Amino acid sequence: MRGVNVSPARPVVLRDRQPRDLPTLTRWLTDPQAEWRRWDAPYFAAAATNKTMRAYAQYLAQNGPDADERVIDVDGVCVGMVNRSEEEPVGGGWWDLGILIYDPAAWGAGTGTRALRLWVADTFEWTNAHVVTVSTWSGNERMIRAARRVGFRECARVREAYAVRGQRFDSVKLDLLRAEWEAR
Ligand SMILES: CC(C)(COP(=O)(O)OP(=O)(O)OC[C@H]1O[C@@H](n2cnc3c(N)ncnc32)[C@H](O)[C@@H]1OP(=O)(O)O)[C@@H](O)C(=O)NCCC(=O)NCCS
């Protein structure tokens, strides 16, 4: 996937993970130097993230696709993944959404915004979600802006909660109600 060029005109779809995606997924997930690690929860210790990612890649290799985790596909190529998890209590109607595009060469071309929009639509269609959230940190401007563009608004901020590369950043949560989504 290195050097992939995702122009705004190229179609973005969410689809089930397929065996042919595994080499791409494994390579990006298990690369400790991958640029995405500097943006996706970089406040966790690298060693712990390495371990989690290796276990996750193994899980993906051994398990079929899951409705709560889909591949972001551009022109038939896996460029990342979206996922969601239900906050407790189960059945309470609050789902947290995640998104990751692996290759920095593919960032900033609108793919994340479009994938997140599709993921919100999918979540409201296929789950009981009353509200969805995105959880990030104040250094991740691309994530915050993509979420705002889709219709999320900031609902919580813990100031200076995280240390990243010697600087303090806020924990930021954004939310979007089903009613707001349907009114758009
Ligand atoms: C966060 C992520 C999903 C966003 O997807 P993307 O395709 O890069 O983002 P988009 O191109 O849709 O742009 C989103 C917004 O960020 C802005 N943006 C683009 N490049 C930027 C940059 N270098 N700095 C700040 N904002 C930037 C865009 O202008 C856009 O805002 P706008 O609609 O107000 O103009 C993607 O960058 C990514 O996967 N990053 C690494 C992993 C990660 O951070 N995941 C989220 C963890 S919470």
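Let me start with Y43: leaving aside its neighbours within four places in sequence, this residue is in contact with W137, Y162, A163 and V164. Contact here means that two C-beta atoms, placed from the backbone, lie within 7 Å.

Before I go on, this is a predicted model: local features need pLDDT of at least 70, side-chain atom pairs count only at pLDDT 80 or more, and totals for chains, interfaces and linings use all residues. Residues are numbered from 1 along each chain as its sequence is written.

Back to Y43. It lies in the loop between α1 and α2 (46–62). Helices (H or I, at least four residues) and strands (E, at least two) are DSSP runs, numbered from the N terminus. Y43 and W28 are 15 residues apart along the chain, and their C-alpha atoms are separated by 19 Å.

The loop between α1 and α2 also holds A41. A41 is not a glycine, yet it has a positive phi of about 50 degrees. It is partly exposed, with 15 other C-beta atoms within 10 Å.

D75 is exposed, because 11 other C-beta atoms lie within 10 Å. Then, in the loop between β3 and β4, we have P89. The peptide bond from E88 to P89 is cis, with omega near 0 degrees. For background, most residues other than glycine have a negative phi, and most peptide bonds are trans.

Next, the helices. In α1, L25, W28 and L29 are buried. Seen down the axis of α1, these buried residues fall within an arc of 95 degrees, so they line one face of the helix. The arc is that of the directions from the helix axis to the C-beta atoms. An α-helix has 3.6 residues a turn, so residues three or four places apart point the same way. What covers the buried residues of α1 includes α2 and β3.

With 17 C-beta neighbours inside 10 Å, T24 counts as partly exposed.

Now α4. Which residues of α4 are buried? They are M143, A146, A147 and V150. They cover an arc of only 95 degrees around the axis, which puts them on the same side of α4. On the other side of α4, E141 and R145 are exposed. The buried residues pack against α3, β5 and β7. Just after α4, G151 takes a positive phi of about 125 degrees.

A147 comes up again in the largest nonpolar core. That core has 33 residues, and I72, L116 and A147 touch the most other members. A nonpolar core is a set of buried Ala, Val, Leu, Ile, Met, Phe, Trp, Tyr and Cys residues joined through C-beta atoms within 7 Å. Elements that each supply at least two residues of this core include α1 (22–30), β2 (69–74), β3 (77–86), β5 (131–137) and β7 (167–177). Not counting residues up to four places away in sequence, A147 touches L116, V134, F152 and L174.

On to the ligand. How many residues surround it? There are 22, and the closest are W39, W107, G112, T113 and R145; a residue is near if its C-beta atom, placed from the backbone, lies within 6 Å. The elements giving two or more residues to this shell are β4 (94–101), α3 (111–126) and α4 (141–150). The largest share, 6 residues, comes from α4. By class, the shell has 9 nonpolar, 8 polar and 5 charged residues. Ala, Val, Leu, Ile, Met, Phe, Trp, Tyr, Cys and Pro count as nonpolar, Asp, Glu, Lys and Arg as charged, and the others, Gly among them, as polar.

Last, the annotation. UniProt, in an unreviewed entry, lists residues 12–171 as "domain: N-acetyltransferase". Over residues 12–171 the chain is 32% helix and 32% strand, and the end C-alpha atoms are 29 Å apart.

Notes
A residue is buried if 20 or more other C-beta atoms lie within 10 Å of its own, exposed if 12 or fewer, and partly exposed in between; C-beta atoms are placed from the backbone. UniProt positions are given in the numbering used here, feature names are shortened, and annotations may be inferred rather than shown by experiment.
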